[in-house]
Amino acid sequence: MNSIKNSHIAAVTGLLLALAWVLHLAGFARANSYVLIASSLFAGYFIAIKAFQALRMKAFSIELLVTIAVIGALIIGEYVESAVVTFLFIFGAYLETRTLEKTRSSLRNLIDMTPTEATLIRPEGQVKVPVEEVVKGDRVLIRSGEKVAVDGAIVSGQALIVEAAITGESVPASKTTGDRVFSGTIIDNGYIEVTADRVGEDTTFAKIIELVEEAQESKTATQKFLDRFANIYTPAIVVLSVLVYAVTRNLELSLTFLVIACPGALVISAPVSMVAGIGNGARNGVLVKGGEIMEKLSKIDLVIFDKTGTLTKGKPEVTSIKSWGMDENALLQVVAQAETLSEHHLGQTIVSEAKKRELNLAEEPQDVAIIKGAGMLATVAGQHLAIGNRKLMAEQGVALSEQAEAYATDREKAGNTAVLVAINQQLAGVIAIADQIKPEAQAAIQQLRDTGVKQVVMLTGDNRHTAQLVGKQLGLDAVHAELLPQDKMQFVNTFKSEGYRVAMVGDGINDAPALATADVGLAMGLNGTDISMETADVVLMSDRLDQFAHAYSLAKATVRNMQQNTVLAVTTVFMLLAGVLLGKVFLASGMLVHEVSVLLVTLNAVRLIRYRAKKRVKEPARNDAATCGTHCHAA
């Protein structure tokens, strides 16, 4: 029975009860009884149908208990009780359904934001088509006020884009040629043309909706226990009501016991909280993959952070270049040519710097080999290059002079990564690269501590000087540097063996083993979205650390809300049962209290929809410390 049907049934039943009351006042006792019976049968029919459907599925439902009680009340002539009970049950179901819809409002709002059409640029001109007809490779035009219908790269134009549907961030982001845009976002101002590379169900937005739907349907350990409990409890109540009648010979008392003991509020106490909590997260750019993950996240007491792109901005810049035996630009040019085939962020930083200086990068590298945790090897214009850290230099038999070692160490102590470059097994230079700590990092870490995290640790492939500088500035409890991906995983296992409940926060790609090993793995940002969505338990759709702080606080609030609901539901049942046995609670009044308890449980869960964690520490206005990760293809 949906909310509209319930509202109609409740309206008719309510009118019949009002008519019965008027007839009672007018002294028409028989007519009053007929109207009460008609009201009971009308509403009771729909209740009985649902009870029968549940029985066919071999389930004992609350509708079955109410149906038995109503039939019994009619048999013993308690027409007022039967009519009032059916009205209250139907009206309560209507209110419950309407209120439950609010707990799913975040998901419904996301679905409402799904684009329905797109404007394609074709040889014959601009053509508006349903979004289902857009295919990969189409060129899509989006103007001010329109929704982006595909994932892809901007090939022309620039715009301010509201990405709240993806990242939870309401402030428009400035996008121009080369930047990626995502389906479901809205052009606030501007004009762009996009080449579609993901369409339909493959878009990031479609995957977000799918994940949220699956998460809201999943069950927590508490929910599974309550379901098993209800399957045993409900038939047990039927048996107990028979025993009550056998002992007291009071059919009305037995029927009242039957209805009052219904576990309605108890059964919905956990799922409504989880649905609301997961919906809140989705609206704020946090995808939690189900209630069980939410419960685990609420119990986390040790958090491990990757560094580059997690604690730092992940947008490093070249700060200095030191060369020996060749011009600075010549060194940068040959290294950038090798790095054109590297996907590592530090390699791309070197390429970007070369492009800024308008250096020629036409020469293609040969024999490229990526050495995880060390750097890369390549041949450019007949020269063999080794680009990376000290470990790679040692493996390639490249000796570092005292001058080179001192320079590299000095740059690292200043918060830079020293990328060593050897040409034909001779050290040719050092390229220093720096990244900045995210401005919200310190406040987010403090908020995590304030809400229950005992230890905050950083694991990075970066050099120890840079890592320690970041750790000191952020007040971390421990810093472990120069690690490979498997080393991070071993640390996670060590912390878990010490009794900690561990959350790992990384980029979802290089940190995949550690993310999978932790109790809860959190992937940050839209880079590598497919991998992060598959690997991580929680996906933070923007690269802001305060999203993690919100996710942790939300998990605690959701579990706390679920526990409040469970206590309210259990307390109500015990109080009603005690009232029945003491002769203080009767069938109609008991059903009223029962329905009110169901409504209160649902309303309490609805509060989570607008939950927002309080920021206890102000974000620093600026953070000048330059920090970064080593050129290790693993940080």
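This is a predicted model: local features need pLDDT of at least 70, side-chain atom pairs count only at pLDDT 80 or more; totals for chains, interfaces and linings use all residues.
Student: Why are helix H16 and helix H21 called roughly parallel to each other?

Tutor: Helix H16 (residues 441-450) and helix H21 (residues 545-581) pack at an angle of about 15°, with their axes 8 Å apart. Angles under 35 degrees count as roughly parallel, and H16 and H21 are therefore described in that way. The crossing in which H16 passes H21 is left-handed.

Student: What makes the contact between Lys128 and Glu117 a salt bridge?

Tutor: A side-chain nitrogen of Lys or Arg has to lie within 4 Å of a carboxyl oxygen of Asp or Glu, and for the side chains of Lys128 and Glu117 the N to O value is 3.9 Å, so the pair counts as a salt bridge. Because Lys128 lies in strand E2 (residues 125-130) and Glu117 in strand E1 (residues 117-122), the pair ties together parts that are 11 residues apart in sequence.

Student: Why is Glu117 called partly exposed?

Tutor: Partly exposed is the range between buried, under 20% relative accessible area, and exposed, over 50%; Glu117 has 42%, so Glu117 is partly exposed.

Student: How do you know that Arg180 and Asp197 meet in a salt bridge?

Tutor: The N to O value for their side chains is 2.7 Å, and because the cut-off is within 4 Å, the pair of Arg180 and Asp197 qualifies. Arg180 lies in strand E6 (residues 180-181) and Asp197 in strand E7 (residues 186-198), so this pair ties together parts that are 17 residues apart in sequence.

Methods. Residues are numbered from 1 along each chain as its sequence is written. Side-chain values use heavy atoms; hydrogens and water are left out. Axes are lines fitted to C-alpha atoms, for helices over the stretch in contact, and angles run from 0 to 180 degrees between N-to-C directions. Helices (H or I, at least four residues) and strands (E, at least two) are DSSP runs, numbered from the N terminus. Angles under 35 degrees count as roughly parallel, over 145 as roughly antiparallel, 65 to 115 as roughly perpendicular and the rest as oblique. A crossing is left-handed if the near helix is turned anticlockwise from the far one by less than a right angle, and right-handed if clockwise. Buried means under 20% relative accessible area, exposed over 50%, partly exposed in between (1.4 Å probe, protein chains only).
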